[in-house]
Each structure stands twice: as C-alpha cells, then as structure tokens.
Amino acid sequence: MRRRSLIVSSLAATAASSLAPLAWGQDDHGDDHHDDDHHGHRSPGSYTGDEVIHEGSRFLGVTAEALGGAVEHIFKDYGDRPTGYIAGTETSGAWALGFRYGKGQLYMKDEKEPVQCYWRGPSIGFDVGGNAGRVFTLCYKLDDPDQLFQRFPGVEGSAYFVGGLGVTYQRADDITLAPIRAGVGLRLGANVGYIAYSRKHHISPF
C-alpha cells in the first residue's frame, strides 16, 4: 500500500512540473508569451515593433536603427501596436498649394492577401518643394480594409524628422495613419490638408 502511494505521488509531481511553464504563459518550448518583444504583450491581429522595423527598414532601404527611432516615437504616442501597414511610393510637390499622389499595398495580419490602394490629396501651407520616394504607413485601429477608403485629414503640427525620416499623422474617426517617408526632398510643411485613399487611381488630387 505504501509503495502504491509513493508511485501516485511521483506521477502527480511529474505532471505538475510539466504543466508549470504553461501556467506562466509559456508554451512547450519555454517561450514566454508575455515577453515576446520589448513593446509588451502581443495583441491578436497587430504587429510588434520588431516586425514593423524589419519590414519597414527592408522596404524603405534604411537601417533598422534609423527606422527604429521613428517607430519608437510613434509607438510612444499611441501606446499600442498597429493593426496594419501600407508599403508604397508617392510623388508630391508644392508652392503654397501642394499635392500628393501615391499607390501601395495594405498589409493586415488577418488578411491573407495585401489590398491594393491609391491615395491623393491637396495641402495648403508654408511649404515649397517636392519629393518622390517610398512611404511606409502604420495603421492604428484599422480593423477592416474597407475602413481605409475615405479622407484622412492631416493632424496640424504633427510633422517631424526622426533619424532622417519624415513622419506625419493623419486621422479619421478613431483610425490614425502614421506615414514614414524616405526619399529625395522630404516635404513636411504640408501638414494641413487631407489624403483620400481609394481602390482606383484618380487624376484629380481633390
């Protein structure tokens, strides 16, 4: 009887030790899900800071360190992770009255295929110059691709440089877009206006 009790106790201890990592949010490889990266707990359908920096630096052709400064700044402003990102190219120019045209693809964790998108928009302000380059846009609280296709007014006073990259904010309802631009002749003065996203290309910037 005593021998049977010892065997049962040994089996119970073994089972408890094997389940202990799972009780602390670890998988069977001992990976802690609460510390999957330095930005905190992973939310379903969102991108981590490491994922954004990896994809963005590769697309923009900049170092991870250069993009990391801009990404950290944006993450700090919103305290959350983006639910999608747009990788594309654009051209723009201005002499007080400015314009932008661009095209790219929207990537979302819950979508199997990227969604083609176009954007254009006017701007008015103390802004002279032009640029042509790549744009990597972080999308916050964008739960469905259809929510992208509307006008996003620029957030006044949000334009700044981080690590040689230009960053601005656009907002509509609860959705915020944070374009990160790299290219020739970065224009950041034109932050009063809007950008309209669509599924098809439009000639008029309005």
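Me: Before we look around, what is a cavity here, and how many of 30 Å³ or more does the search find?
Reply: A cavity is a set of grid points where a 1.4 Å probe fits but cannot get out. The model is a predicted one. Searching the whole structure for cavities of 30 Å³ or more gives a count of two.

Me: What is the volume of the second largest cavity?
Reply: Rolling a probe the size of a water molecule over the atoms shows where empty space is left. For the second largest cavity, the volume comes to about 40 Å³.

Me: Which strand gives the most to the lining of the second largest cavity?
Reply: Let's start with the residues around this space: among them are Tyr 101, Gly 102, Tyr 118, Trp 119 and Arg 120. Strands S1 (84-108), S2 (115-140) and S8 (194-198) each supply at least two lining residues. With three residues, the one that gives the most is S2.

Me: How many residues in the lining of the second largest cavity are charged?
Reply: The lining also includes Ala 196, Ser 198, Lys 200, His 201 and His 202. Sorted by class, four lining residues are nonpolar and four are polar. That leaves the charged group, which numbers two.

Me: Turning to the largest pocket, which element gives the most to its lining?
Reply: This pocket holds about 170 Å³ of space, and 13 residues line it. Nearest its centre lie Phe 59, Ala 87, Gly 88, Gln 105 and Tyr 107. Helix H2 (49-60), S1 and S2 each supply at least two residues of the lining. The top contributor, with eight residues, is S1.

Me: How many charged residues does the lining of the largest pocket have?
Reply: Here the nonpolar residues number five, and the polar ones also number five. The charged residues in this lining number three.

Me: Among contacts between residues at least 6 apart in sequence, what share joins residues at least 24 apart?
Reply: A contact here means heavy atoms within 4.5 Å. Of the contacts between residues at least 6 apart, the share joining residues at least 24 apart is 66%.

Me: And what percentage of the chain's accessible surface belongs to carbon and sulfur atoms?
Reply: The chain has 206 residues, and 42% of them are buried. Its accessible surface comes to about 11,500 Å². The part belonging to carbon and sulfur atoms is 57%.

Technical notes:
Residues numbered from 1 in each chain as written. Predicted model: local features only at pLDDT ≥ 70, side-chain atom pairs only at ≥ 80, totals over all residues. Heavy atoms only, no water. 1 Å grid on protein atoms, 1.4 Å probe; cavity = no way out; pocket = protein on both sides within 12 Å on 5 of 7 lines; lining within 4 Å. Points joined across faces, edges and corners; volume = space filled by probe spheres on them. Helix = DSSP H or I, 4+ residues; strand = E, 2+ residues; numbered from the N terminus. Nonpolar A, V, L, I, M, F, W, Y, C, P; charged D, E, K, R; others polar. Buried < 20%, exposed > 50% of the residue type's maximum accessible area, 1.4 Å probe, protein only. Areas by Shrake-Rupley, 256 points an atom, 1.4 Å probe, with all protein chains shown as cover.
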